[in-house]
Amino acid sequence: MPSVFPTFAPVSPQALAISHLLIALLIIMGAVFLLVAVWIVVNIVRFRARPNTPEPAQYYGSTRLEIIWTVVPALLLVVIFGITIRTMGEADPPIFAPDASAAVRQQERTPDLTIVGHQFFWEIRYPQGFITDDELHLPVGKRLYVQLQSVDVVHSFWLPQLAGKVDVVPGQLNDIWLEADKPGTYIGQCAEFCGTAHAWMRIVAIAQSPADYAAWLQQQAQPAKQPTSGAAAAGYQLFMNGTCRNCHAIAGSPAGADIGPNLTHFASRSILGGGVLTNTPANLAAWLTNPQAVKPGNNMPDFSLNSQQVSLLAAYLETLR
Ligand SMILES: [Cu+2]
């Protein structure tokens with residue numbers, strides 16, 4: 001079950017540091033708020049108008065008070081500045097280990113993962129040579145060096161239980177550390193308005209034990225098999241001879257485009273359309289029938305497929321485990 005208050009349920013040292021900063025700020029701000037609120041209430045009561053009392057004494061200007069209400073907030077800001085700087089160091093540790101040699105530092109560090117923002121889904125490239133979308137897997141307890149790119153507009157990558165928020169900017173390489181110290185499913189979201197369907201640009205991170213992760217890697221690295229009979233084979237023909245392959249890639253097939261999500265292991269994913277639906281056969285049929293009705297404004301057009309075409313295509317796509 002995903003956490004309702006993800007920022008307060010960190011599962012990595014980076015997210016923990018950010019969470020601590022947030023809690024510290026809430027305490028400081030809460031204390032200031034309480035102090036001011038209580039002081040106002042006390043004075044409203046104490047100096048309220050009573051019958052037959054003269055107007056209380058009026059004061060104009062007080063150097064002492066002005067010094068206090070300048071110095072105290074300034075000191076608070078110094079404290080907040082200090083703990084923020086410390087958090088920044090913890091949340092975004094240096095790319096190279098402190099003892100890395102000069103030769104190592106000269107080279108560009110190869111990312112453990114590359115994540116590419118598209119309107120309106122996340123493409124995840126694994127160094128093992130395969131691509132998946134919207135659902136990333138990572139081994140528990142390992143800190144991954146992740147590079148972030150965009151092919152279109154500015155997005156923002158945010159998995160609050162795992163790390164801070166980093167903008168994903170076209171023409172620029174940004175990076176982030178991703179780590180989860182507990183197995184589980186963590187939900188993220190594009191956090192920069194990037195167009196009509198922005199709200200359904202989610203990402204699911206699944207942290208697995210090293211053995212489960214290795215098995216997943218092995219499975220994802222397999223190319224798709226071409227079905228040889230039945231509805232799936234007919235769906236394959238529709239897919240390859242129709243317009244689908246102009247935008248989608250399926251490893252091991254002639255489809256190799258990179259406009260829409262990579263569908264090689266589509267049926268193994270838990271979500272569909274950036275999280276707008278869970279990935280079930282019925283939802284897949286709804287998506288193919290009219291993706292614009294399911295996720296208005298997304299970049300897959302409505303092809304007005306008839307129900308037979310939908311069921312053949314779905315039969316094929318469901319084989320892509
Ligand atoms: Cu976005």
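Visitor: Which exposed residues does the face of α5 turned away from its buried side carry?
Guide: The model is a predicted one. In it, α5 has a buried side and a face turned away from that side. The exposed residues on that face are Gly-230, Gln-237 and Asn-241.

Visitor: How far apart are the end C-alpha atoms of helix α5?
Guide: Helix α5 covers residues 230-241, which is 12 residues. At 1.5 Å a residue, the helix should span 16 Å. The distance between its end C-alpha atoms agrees with this, at 17 Å.

Visitor: Within what arc do the buried residues of α5 fall, seen down its axis?
Guide: Buried in α5 are Ala-232, Gly-235, Tyr-236 and Phe-239. They line one face of the helix, because, seen down the axis of α5, they fall within an arc of 105°. An α-helix has 3.6 residues a turn, so residues three or four places apart point the same way. For the buried residues of α5, the arc is 105°.

Visitor: What do the buried residues of α8 pack against?
Guide: Helix α8 spans 307-317, and its buried residues include Val-310, Leu-313 and Tyr-316. What covers the buried residues of α5 includes α8. The buried residues of α8 in turn pack against α5 and α6.

Visitor: Which element gives the largest share of the largest nonpolar core?
Guide: That core has 56 residues, and Leu-178, Leu-313 and Tyr-316 are among those with the most contacts inside it. Its largest share is 7 residues, and these come from α8.

Key:
Residues numbered from 1 in each chain as written. Predicted model: local features only at pLDDT ≥ 70, side-chain atom pairs only at ≥ 80, totals over all residues. Helix = DSSP H or I, 4+ residues; strand = E, 2+ residues; numbered from the N terminus. Expected span 1.5 Å × (residues − 1). Buried ≥ 20, exposed ≤ 12 C-beta atoms within 10 Å, placed from the backbone. Arc of directions from axis to C-beta. Contact = placed C-beta atoms within 7 Å. Core = buried A, V, L, I, M, F, W, Y, C linked by C-beta atoms within 7 Å.
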